[in-house]
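Dear colleague,

Please find the structure below.

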Amino acid sequence: MTDDDVARPKGAPRPEPRTAIQAIDRTVGLLDVVAGVGSHGIGLGDLAQQVGLPSSTARTLLASLVAHGLVAQHATSRHYLLGSRFFELNRRFVLQTDLSAAAAPVLRTLWERTQETVHLAVFHGYRRVDIAVLVGPQLLTIDPTTARFVDASATPPYRTAAGKVLFAGLPRPERLTMLRSAPWRDDTPPDEGRLMDAMDDVATHGFATNLEEEAPGVYGVAAPVRDHTGRTIAAVCVGYPSVRHTDAHAASLRDHVVDAAAELSLMLGADPGQVSA
């Protein structure tokens with residue numbers, strides 16, 4: 001609470017910056033109040049009072065905001081809430097400002113909680129690429145930054161936790177096309193049907209594991225980051241040495257990873273019903 005909040009009588013409008021375009025100033029004031037009231041929304045009278053507008057003026061501006069999807073009106077209570085268009089605008093903002101930068105606080109918290117190596121991965125063509133890595137602080141740790149791949153014929157994504165999540169996030173026809181055309185090296189190529197079923201299971205359960213499938217001594221767990229359409233656009237992963245693997249440790253890491261991926265998904269406008277946080 002600021003000094004201005006203390007000095008202003010209860011119910012008096014919050015002062016807003018004024019520009020030459022009064023309608024925009026008033027609209028921003030309305031959006032600011034609607035954004036701060038929570039999931040139950042706010043009625044027209046209270047909203048108009050907080051912004052310092054006549055109800056008729058507020059109603060006219062809100063009708064335009066509703067038409068543009070920036071504000072929604074609850075069918076029963078008639079209270080005003082933020083509209084779904086903000087999710088798309090937020091998604092674009094996050095992508096414009098760099099996904100790895102936007103994810104940094106979430107990844108840092110995950111790193112602090114797990115004390116293991118944390119990375120954020122995306123698909124780039126046929127390859128799984130780490131766009132952010134926080135190497136674990138322990139003496140014995142996993143460091144994916146030491147890997148050196150000179151072409152696209154790297155480890156197939158279905159051999160890593162993050163890769164499984166990204167691969168599973170594709171529709172089955174896209175997976176099959178990629179599987180048949182990608183220049184991956186695999187000494188033991190999987191049965192297509194079984195692999196597709198396994199990826200369907202990953203998509204259903206919302207996480208994937210790697211138990212020394214890519215390299216000896218390396219374990220991992222990953223979960224999908226989804227955007228407002230429900231599409232998987234990245235994977236949050238924790239990697240750790242096999243010597244630290246126990247059922248309890250694995251379960252704890254899985255829960256932390258799933259929570260972190262869900263938090264980042266919500267930042268990108270994902271439907272809360274599609275994430276596990």
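Trp184 is buried, with a relative accessible area of 13%; buried means under 20%, exposed over 50% and partly exposed in between, with a 1.4 Å probe and protein chains only. Please note that this is a predicted model, in which local features need pLDDT of at least 70 and side-chain atom pairs count only at pLDDT 80 or more, while totals for chains, interfaces and linings use all residues. Residues are numbered from 1 along each chain as its sequence is written, and side-chain values use heavy atoms, with hydrogens and water left out.

Rings of Phe, Tyr and Trp (its six-membered ring) pair if their centres lie within 6.5 Å; planes under 30 degrees apart count as stacked, over 60 as edge-to-face and the rest as tilted. The count by this rule is four aromatic pairs. In one of them, the ring centres of Tyr158 and Trp184 are 6.0 Å apart and the planes stand at 80°, so this pair is edge-to-face. Tyr158 and Trp184 are both buried.

Phe167 and Trp184 also form an edge-to-face pair, at 6.0 Å centre to centre and with 85° between the planes. This pair links distant parts of the chain, 17 residues apart: Phe167 is in helix H7 and Trp184 in the loop between H8 and H9. Helices (H or I, at least four residues) and strands (E, at least two) are DSSP runs, numbered from the N terminus. Phe167 is buried, with a relative accessible area of 0%. Through ring pairs, Tyr158, Phe167 and Trp184 are linked into a cluster.
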